[in-house]
Amino acid sequence: MIEATVSAAPQPILRADYRGPSFFIDRVDLRFELGEDLSRVHATLSLRRADGVPDDAPLVLDGEALKLLHLALDGRTLGADDYALTATTLTIPGRGLAAAFELRSVVEIRPQDNTELSGLYRSSGNFCTQCEAEGFRRITYFLDRPDVMARYSVTLEAERARYPVLLANGNRVAAGELADGRHFARWDDPFPKPSYLFALVAGDLRCLPGEFTTRSGRAVRLEIWVEPENIDRCEHALRSLIKSMRWDEQAFGREYDLDIYMIVAVNDFNMGAMENKGLNIFNAKYVLARPDTATDDDYQAIEQVIAHEYFHNWSGNRVTCRDWFQLTLKEGLTVLRDRLFSRDMRSAAVARISEVLGLRTAQFAEDRGPMAHPIRPESYIEMNNFYTTTVYEKGAEVIGMLRLLLGPDGFRRGMDLYFDRHDGQAVTCDDFLAAMADASGRDLAQFSRWYSQVGTPIVRARGEHDPDARTFTLTLEQAPPHGRHDAALLHIPIAVGLLAPAADGARALPLQLADEPAPGATTRVLELRAANQRFTFVGVDAPPAASLLRGFSAPVELEVPRSDDELALLMASDPDPFSRWDAGQELGRRALLRLADDAAAGRPLALDPRFVAACARVLADPHLDGSLKALALTLPGERILGQHQEVVAVDELHTARQFAVRALAEALREPLQALYAATAPGPYSIEPAEVDRRRLRNLALGYLVALGEPQTVALAQAQFAAADNMSDAQEALACLIDHGGPARDAALAAFHGRWCGDPLVLDKWFALQAMSSHADTLARVLELATHPDFNLGNPNRARALLGTFGARNQFHFHSRCGRGYALLADKVIELDPHNASMAARLVAAFNPWRRFDAARQQAMRAQLERIAGQPGLSRAVHEIVARALAPV
Ligand code: PHE
Ligand code: ZN
């Protein structure tokens with residue numbers, strides 16, 4: 001008997017299976033007839049067989065959700081017998097194909113029904129596209145893979161009244177009128193590009209124009225395109241673009257290459273933004289800003305995302321990825337570039353701390369869950385699931401380590417060689433490493449393991465002082481990530497400094513290793529390559545405090561046996577601001593974890609007075625800027641605390657943190673009140689000094705309102721009523737939401753009344769409620785999910801309520817009753833048939849399920865199984881859920 005295994009389960013694609021394309025496409029000519037019901041895409045492709053590919057190899061084009069109307073090969077119309085169609089491919093047998101030929105196709109698509117927001121779709125009545133990773137195949141039949149690079153010419157035709165603006169990549173070369181009130185524009189992109197960088201926009205949009213002169217003297221026209229009512233919110237985006245262009249010239253010697261650079265803001269977008277050649281399409285959230293609608297964080301995020309997409313023009317577009325496994329080649333590198341830019345634009349220490357906070361909260365958690373993968377994944381079912389914090393943020397950390405090892409100049413030489421060598425090519429992470437190695441003469445073989453290693457490595461450090469020899473020996477040991485035993489030894493840069501306790505705090509010691517002739521700088525990068533290494537510093541009179549992993553020099557979990565007193569010393573006087581913050585976080589974490597244990601054991605709670613004293617010193621420190629103080633005085637969040645527990649103690653962590661906030665507020669009440677009073681706002685400005693002032697003042701407000709006293713709640717009410725900017729309004733509103741009661745209801749109603757016509761601001765209204773620590777948050781989130789303004793189909797709104805709740809409210813999402821889990825699963829099931837990649841992002845909230853207690857595990861598993869059992873589940877959600885349920 002023959003056993004037939006019929007499996008509906010989607011099959012993974014493996015990195016090891018990569019083969020070059022059998023055909024290349026050199027030129028693409030597209031004509032779009034855009035209409036209200038139907039749109040037609042006419043494509044003419046110039047194809048050629050790749051060298052060495054046999055004559056009978058068929059041409060297999062990708063295509064999804066397309067209705068084929070016409071197909072012609074070198075001018076000859078093909079009949080149904082000449083090709084084969086499946087739901088995802090169009091195949092033409094090899095026999096009929098010359099070495100080079102022209103293929104014309106006409107397909108019909110329905111952009112207005114495209115809810116996946118991938119391919120050609122509509123947002124607020126306008127047409128726009130999103131093609132990364134595999135959206136172009138939803139526009140026309142194509143070799144939709146990044147190693148096929150072609151020159152595009154694109155003609156758009158649409159009704160002039162509804163779609164006065166017609167945009168595509170490159171330069172506009174023609175435009176004019178057509179019959180029946182229609183018009184057209186033709187665009188030509190001189191740079192060969194992969195299909196994922198294709199873009200078009202047609203709509204009723206307004207433009208804020210600008211100009212940039214490159215350092216070689218070329219004038220570039222800049223255009224920010226938005227819906228008419230948003231035209232007064234574009235200046236910050238334009239300024240950010242100009243800063244980015246200048247910075248890339250100065251920092252990396254990279255100039256812009258086309259005569260025009262356009263950014264279009266759309267309201268419906270699955271991600272943050274997209275670097276399409278010459279025509280970036282952005283989630284409106286990362287373009288629009290006015291002081292009364294956008295917070296200081298929004299302004300910074302906009303500057304950083306604009307920079308990120310701009311920097312892709314070199315790291316991504318001029319040099320692109322050979323295949324999607326190489327995604328970190330462009331994303332890790334571009335994140336590093338946008339981070340270096342952001343550190344230059346504002347306080348480098350504050351920027352670095354925020355980067356590390358994000359990494360530890362999200363990426364470290366990903367590394368410990370079912371979606372753990374190397375920065376260069378080995379397999380995927382749905383590529384959209386791999387636009388992850390690991391590929392992006394850990395990828396950036398890996399390149400940051402390379403920069404630390406090579407030094408800024410060596411790194412720059414490597415980048416120059418990489419761009420020179422590979423301009424116009426689709427390449428791999430190994431090509432990038434080879435350029436770095438060749439330019440610097442360094443052997444990066446061991447370093448390259450960072451690209452295949454899964455999980456967060458653990459580094460253990462131990463120090464020993466020898467008073468007779470006057471030496472301090474630091475032993476560093478690398479251990480495999482949690483739950484993994486097969487990890488290879490990595491090449492890990494560990495930046496260290498030594499502090500000698502002194503009367504007024506501590507003194508940084510010039511460092512001299514045993515085999516060196518003289519002391520050098522006070523920070524030094526040690527290279528850990530073996531399982532175990534000892535570094536002996538000489539000339540150390542007294543036991544020093546070791547400041548380790550300065551600047552977070554490697555994405556590792558550091559374990560050091562050190563006393564609270566040593567941490568308090570580092571927190572008070574480490575000259576490295578990152579390590580100073582980090583020491584404070586570790587001290588706070590210890591105090592909070594002890595409180596959580598006390599809560600679990602039913603012991604009375606008391607916040608460690610040494611920690612309170614350390615916080616008081618930070619608050620009083622005249623040398624720290626406001627943003628740094630605010631970061632230092634923000635207690636570690638419940639999610640980070642949970643990572644340091646065997647089983648996440650949801651309720652006890654919440655109790656402990658709430659208790660600690662109130663205890664700190666009581667202990668520091670006077671200085672906090674004085675600070676709040678002394679930092680009253682003047683005229684609004686986004687200058688760094690003003691941002692610092694607002695951050696610190698709002699931190700103080702948060703603590704004071706946590707006291708729950710009528711006078712302190714009144715401070716928040718007054719600030720909310722008087723605020724002329726969204727930072728102050730939002731912080732006050734957040735405090736009032738946490739406080740609850742009539743003050744909350746009044747503020748929420750006022751905010752909704754004022755902003756209900758403004759989608760981005762209304763998102764904040766949803767997100768703040770979803771984030772709240774107030775006891776009734778779950779009930780309110782359940783209600784908000786049925787609010788008339790809630791719209792699951794809009795990614796920003798779905799993220800504001802459900803994304804925020806699932807990923808940022810550990811206590812309420814993981815409420816014992818399980819209703820939070822049921823809500824999330826319901827919405828995933830509802831969304832999946834419409835927007836699978838968004839549904840897959842939401843369902844990831846269940847990924848850490850095995851880290852919780854048995855009852856919660858059981859409840860989450862039941863929801864995962866319910867989702868897995870849905871008929872017709874998408875590949876995207878299937879992949880996340882199957883990984884989550886797979887036995888460990
Ligand atoms: N490439 C985009 C970026 O990081 C992200 C993106 C991926 C956007 C997929 C849309 C779809 O800059
Ligand atoms: Zn990117």
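Predicted model: local features only at pLDDT ≥ 70, side-chain atom pairs only at ≥ 80, totals over all residues.

Trainee: Which strands stand at the edges of the open sheet of 8 strands?
Mentor: Strands are DSSP runs (E, at least two residues), as helices are (H or I, at least four), numbered from the N terminus. Two strands pair if DSSP finds at least two bridges between them. The open sheet has mixed pairing and the order β6-β5-β9-β3-β2-β12-β15-β14. Each edge strand has a single partner, so one side of it is left without a neighbour in the sheet; these strands are β6 (76-77) and β14 (171-177).

Trainee: Which residue in β3 is the bridge partner of Phe23?
Mentor: Strands β2 (residues 23-33) and β3 (residues 39-49) run antiparallel and are joined by 10 bridges. In β3, the partner of Phe23 is Arg49.

Trainee: Which residues come nearest to ligand 1?
Mentor: A residue counts as near if one of its heavy atoms lies within 4 Å of the molecule. Elements that each supply at least two residues of the shell are β20 (273-274), α2 (296-311) and α3 (327-345). Of the 13 residues around ligand 1, the nearest are Glu132, Glu275, Glu309, Glu331 and Tyr392.

Trainee: How far from an oxygen atom of ligand 1 does a polar side-chain atom of His312 lie?
Mentor: A polar contact is a pair of N or O atoms within 3.5 Å. A polar side-chain atom of Glu132 lies 2.6 Å from a nitrogen atom of ligand 1, and one of Tyr392 lies 2.6 Å from an oxygen atom. For His312, the distance to an oxygen atom is 3.3 Å.

Trainee: What percentage of the area that ligand 1 exposes when taken alone does the protein bury?
Mentor: Accessible areas come from the Shrake-Rupley method with a 1.4 Å probe. Taken alone, ligand 1 exposes 330 Å². Of that area, the protein buries 94%.

Terms used:
Residues numbered from 1 in each chain as written. Chains lettered and ligands numbered in written order. Heavy atoms only, no water. Polar contact = N/O pair within 3.5 Å; in protein donor to acceptor, adjacent residues only side chain to side chain.
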